[in-house]
Structures are given as C-alpha cells and as structure tokens.
Amino acid sequence: MSDKDKYTVVEAPEGYSGSGFFATTLDKAVGLARKNSMWPLPFATSCCGIEFMATMGANYDLGRFGAERLSFSPRQADLLMVMGTIAKKMAPVVQQIYEQMAEPRWVIAVGACASSGGIFDTYSVLQGIDKVVPVDVYVPGCPPRPEQIIDGFMKIQELVGNEPLRRRYSPEYKAMLESYGIKTDSYDK
Amino acid sequence: MEYTILLQELKNKFEDKILSVDEAADIFTLTVNSEAIKAIVTYLKEQQSFIFLTDLCGIHYPEQEKELGVIYHLHNLVANKRIRLKTFVSKAHPQIDSIVSLFSGANWMERETFDFYGVDFVGHPNLIRILNVEYMDYHPMRKEYPLEDATRLDKDDRFFGR
Amino acid sequence: MKTINSEHHLDLTQEDEKHYSTLNLGPTHPATHGIFQNVLMMNGETIVGAEQTIGYIHRAFEKIAERRPYYQITTLTDRLNYCSSPINNIGWHLAVEKLLGVETSKRVDYMRIIVMELARIADHLVCNSVIGVDSGALTGFVYVFQEREKIYEIYEELCGARLTTNLGRVGGFDRDFSSAAIQKIKALMKRLPKVLHEFENLLMRNRIFMDRTINVGGISAERALNYSFAGPNLRAAGVDYDVRVQEPYSSYSDFDFVVPVGQNGDTYDRFCVRQTEMWESIKMINNALANLPEGKFYTDVPSFNLPPKQDVYSKMEPLISHFKMVMGEIDVPKKEIYSAVEGANGELGFYVVSDGGRTPYRLHFRRPGFIYYQAFPEMITGSSLSDAILTMSSMNVIAGELDA
C-alpha cells in the first residue's frame, strides 16, 4: 500500500536539529548564568594593568558585571585578561597559563601592546598575543579608558551568552588550538 | 672641593692613565685607561668620598678604534659634586675590571651593559644576560643591529613605506 | 641541586641544601605588582636565599630612543614609571632644556611643580595602599583609588590623557592651566587631607599593621648607599638625599619643605616616609597655586616651541615649521649631559649623548627601581615569606621602570 519510494525525506532546516534545537533554551540559560559570573584572571603586566585597577575601583566598578572575584590562579578562572606588553621572554608563560585554564575559557587582549605589539616594534616584544594564544576580544587603546575595558568585557559577555554548549569539543576548535601549539589530547569527552 | 684640586691629585697619582679631561662639560669628565679604572674608582671612593655610584652604562662608537665604552657617574653627596669617568675597550678584547666589590649596586648595571654591548667585566660574580632572553646570541644595542625583529615574516613592506 | 644565589656567597653545605626547598614566586603572582620572578630557597618558613629574574617586560626603550626625535621620546618616558608619568615627562623636558641651554620662566616652573607633586601623590597613594592590600587591609586601597581618579581628572584637564600623559613641551606647556583645572586642583587639595587622615587612622597606628611592618625588610644606611638606593627607600634608611634639595631644578629652591627621614629602613619607615612626603606635596601645591606668578606658559625655544594651532591651520610658515619640528628636522648642539629629577622612587636620571642629529646618539635612563631591586635578596634573607611580600610591595618596584 504505502510505497516508501514515493516519499522523499526532507532535511530539517538548520537550528531544528542537533545542538541548535534541543538545547537552545538550555544554551541560553547556561550562557546567562556564565556571563554574569565570569571570574577573570588579571594578567596585568604594565600600564594597562593600572587602568584595570581603576576599572576594579569604585568609580568604574567591574564588579557590577559579576566579575568581582578576581582569580590569580588559572585553574579557577574563566577569562584571561592580558593587559600590557608581552615580551618574548614572557610569551611561553602566557601560553602555559592559558593551558592551565579549564574549558570554557575566553581571552581578552586589553591594550595596543597585547593586541598587536603597540608602539613597541622591537626585537624583544611579541607583536600581539594572538601569536601564542587564541584571542576572543581585542580592546585597543594606550591605555584604554576604563569604559573601553568595560565595553570589551561586555562583548565577551555577549560571546559567552551565545556560545553553543558543544563548541569546545568540535573538531574546528581543536584544529584551531593545535595551530597555536596547544595540546588537545584530553578533548575527547 | 674644587675640581682643579681634584684633578691635580688624580694626575699626581695616575699620571699616564688619564687620557683626557673635559672641564667644560656639564659634569667634570675624565677619559681613562681601561686597565686603571678600578684603581681610580677605588681612589675616588675611599680618598675623595665619592661614595655614591649614580650610574654605569655602555656606549658604542663604531668609527673609533676602541669601539665599546663604559661610562661611570659618581657622586660625592656631602660636597655635592659629580664626576663622570669614561673608558673604552675594543670589541676583540672587551675586558674591564668589575667594581662590584666596591659598589654592590654595580652588579645589575654591569650585567645590563654586558647584555646590551658585550663588555666583559672581569670579577663579576654572575655575568649573564639580565633583560633579554637567555638564548639571544648577539648584543642588541650595538649600532650594527636593527631595532626591529629581523626574523619577522608578517610585516609587509608595502604598508611600511620601505 | 644548583646553588641559587651564588653571587651572594651563601655558606651552604651539602647537608643544608638537601633540607631546603625552592619556591617559585612569579612571574605571574598576585603579590608581585608587575612581572618579575623570584625563586626563593626556603628552610621551612624562613627564606635562606633568593634568585631574581627580570626582563619579562623588556621593551628596548634605549634602542627605540636612538631612532626617535626628541619630542617623540616623551611618549617612551611615560611608560617608565607609569604610576607617575608626568614626573618622567617633565624630567625628560628638563634634560632636553639642559642640552639646549634654555631657561624657563617662573610661571612654567611653578606649574611644573604643581604637576610633579600631584604625580608624586598619585604614586605614593598606590604604593601605600598596596602595602595595606598585601597585609590584608583592602579598604584603604578602595578609598584611596577614588583620589587617584580625581588626580586623573586633573590630568585630563591639562593634557587630555589619564595615565600615559605625554604632558608638556620643551620649555613649558602647550596650554595654560584652565580655570576648570585650577578649580579641580583646589577641590582636591581640600578633600585630600581628610582622606589621608582616614587612611592613616586605618593603618598607621594599627597594632596588626605595625606588628607586620616594623623590623621587616630593613636595610642599613651604609648598605643602602652601597646599593645606590635613592628616593623614599634611601630616606627611610636614614640618608636625607633628595635631588630637589641637592640640585634644585624648576625653582624648587623657592619652596620650603621637609625631607622626611626614617631610622631603621624597614617597611614601616618606608610607609611613613611616603605618607609624610604626601603631606609635604599637598603643602607645596597649595603654596604654588597661591603664589603662581604671571607670565607665559611656554618658552620661545627655537625649533622646539610649536606654533599656536590657529596659525598652523591658517598660515604657511607656522604650518611648515610645525611639520618640521614634529618630524624632527631640528638642530641640537653636539653635547652629552646628565640630568636628574626626583622621581617618586628616587633619582631618575637621563644621560643623553647628542651628535647633532635629529635623534639622540645614546640615551640611557637611570632607573631607580632597577637599581634598588638588586638589594631585595639581602633584605629578605632570614625572614618569612609573608614578610618578603610586604618588603617587595613597600619598595615600590614598578615593572616598567625595572626593565625599560
């Protein structure tokens, strides 16, 4: 009676299957919880670090956005805020700190020196931390005003709130980490 | 203390080691033989009360025969007088006596001069690079080396006007 | 095991070395304000030796300076001791003025004194509140940073930037103090004494703070002089060497101020010396504002005095001369000079060798932080780790000044 060859099966449109459909509200709920309670690791090396101290102070107050608890240990941090010039001597340390952070982790490059080497085009300065770690948001400025740092933080919050749950296990993400020389052996679960 | 008296006393003690004197400069400047530098600094510290080493740095004059220079600034705090000593060595034999035994503060200053210019301080307890990475194999402040990183591949000369 | 701290010639036997442990402090550590590494050799809780590694933020300032005309070097000096950038900027301009042989007017000198003393207050506020933070007292830090915001607002009125100010010109300033700036300075000078009193009530006679800082990290005057200490660290050890008094620059000799001196050279003395210097700076600023002489806010230095902006935008010769000055097509005499100012950390010196070209042939910064940080292992040997942390923060080591 019913001839299966007469029916064609249509692919569901994107977003209605897989991680896009069943987990949307869960994605958003987890994202909302994560973005309003980010624990930053202030990797302050130079002048931008002093502007960060002003951002954490009472006048500009990064604590309003949930980032009140600064973690100096990478094992307990979500967000690596690299603020200041990274010299070539320091580059392996940045990568080591990044590797010690647990997924999901984000990186924000605050200041011109962290984004691209800044005004120091010399033999000893790394021209941007994106040579050693993958960066999510760049905040330009020398140093950026606290309002700019907060703007960068809010962009990170947008990224965190909209991130799919299985992004960190996807092969594209692993390939990107491999391109920086960061090992992904434990990324199978 | 008058500089003329000081100069006379120094000349009496170290006649042939003082190569030139510049009294018209902003600070009384002496250029001395590199072998006598430690003796002169000891004399200034112990006999003439120049007990404060303000600074120790290097310099490179490629067109001179003795290319690498080390410049010492000493300060007599009580009489408020400064003195500048200059001494030059060649690139082939860049040895100078270290003054760490007189001034502990010269430790890192000499390491910095070694790091940047390659001057070898004989008698320094720990003469290794201080500011640059350990595996760097050249002395960057010499005039023949460029400022930018020579190993960069991503800098496009079209955008930099070269 | 490699004997660390070989240069300090510790008499350690093989037996001793087996019992000691090494602890790595840094380069990223909450207590090291700036990135430098200390590897400590510890016998239980007591520190036996320390080995330091710096250079993690070496940005090759001296090599960059050989490529930059004299005005463009001001931006480099900002980033030396970035907590008090105006002192570095004005120090550099004073060095160039010494090179050129320029005399500035009294008004310029008094304006410079106001700006430098504000910067000194800003730097000492950071250092003292951070000593509090490292000993567990976070409240003082938050109160005091509000005052730093007020100082930043004053800098914005004067030059447009908060932290890396690039302030002033050779021979003076680019604009006069506006009425808003003077109003803000006066308001701050009214507020600051109350806040400083509150801060002192929290910490200075606090039993816990005193127990943690007295006799901690001390250094004697002879050793401090041997290490070429300068600034508050040297004055806390008992030597009253202040460049503003020894070799007055920018009309400091018109002002009557006290140079505070400590006795033991320990952390508490450094805290108190900085605190007293802040009170003296407040007096000096009030004095300078009250007696600000009339006159020009700039000096007619040929080849360095940029023409007024209205002329640059409308007439031809000012436009050309502005372009030539900024691009560095200027004549400088062939000399070498050494010029020093009293930075917040001590004697900040500039050794400039000029060969007559548009850039210096050699520029060396005499950075006080680099020089006195060498004494750190000697100051902490025999104390515990928590004492070492407090000693480090009371010495006010700023990484930008350390590595240049």
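I began with helix 4 (residues 85–100) of chain C, which lies across strand 4 and strand 5 of chain C and runs at about 150° to strand 4 of chain C. For the terms, helices (H or I, at least four residues) and strands (E, at least two) are DSSP runs, numbered from the N terminus; two residues are in contact if their C-beta atoms, placed from the backbone, lie within 7 Å. Axes are lines fitted to C-alpha atoms, for helices over the stretch in contact, and angles run from 0 to 180 degrees between N-to-C directions.

I noted that this is a predicted model, in which local features need pLDDT of at least 70 and side-chain atom pairs count only at pLDDT 80 or more, while totals for chains, interfaces and linings use all residues. Residues are numbered from 1 along each chain as its sequence is written, and chains are lettered from A and ligands numbered from 1 in the order in which they are written.

Next I looked up the sheet under that helix's entry: 3 strands of chain C form an open antiparallel sheet in the order 4-5-6, where two strands pair if DSSP finds at least two bridges between them. Strand 4 (336–343) and strand 6 (362–366) of chain C are the edge strands, each pairing on one side only, and neighbouring strands are turned by 15° against each other on average, direction ignored. Between strand 4 and strand 5 (residues 346–353) of chain C I found 8 antiparallel bridges, and C:Ala340 stands opposite C:Gly349 in strand 5 of chain C.

I then turned to another sheet of chain C, also open and antiparallel, with 3 strands in the order 1-2-3. Its edges are strand 1 (21–25) and strand 3 (46–53) of chain C, and its twist averages 25° from one strand to the next. Strand 2 (residues 37–43) of chain C is joined to strand 3 of chain C by 7 bridges, and C:Asn43 has C:Thr46 in strand 3 of chain C as its bridge partner.

For helix packing I checked helix 5 (residues 106–134) and helix 17 (residues 385–394) of chain C, whose axes are 9 Å apart at an angle of about 170°. The two helices of chain C are therefore roughly antiparallel (angles under 35 degrees count as roughly parallel, over 145 as roughly antiparallel, 65 to 115 as roughly perpendicular and the rest as oblique). C:Val130, C:Ile131 and C:Asp134 in helix 5 of chain C meet residues of helix 17 of chain C including C:Ile389 and C:Leu390.

Last, I recorded that the contact between the chains takes 25 residues from chain C and 26 residues from chain A.
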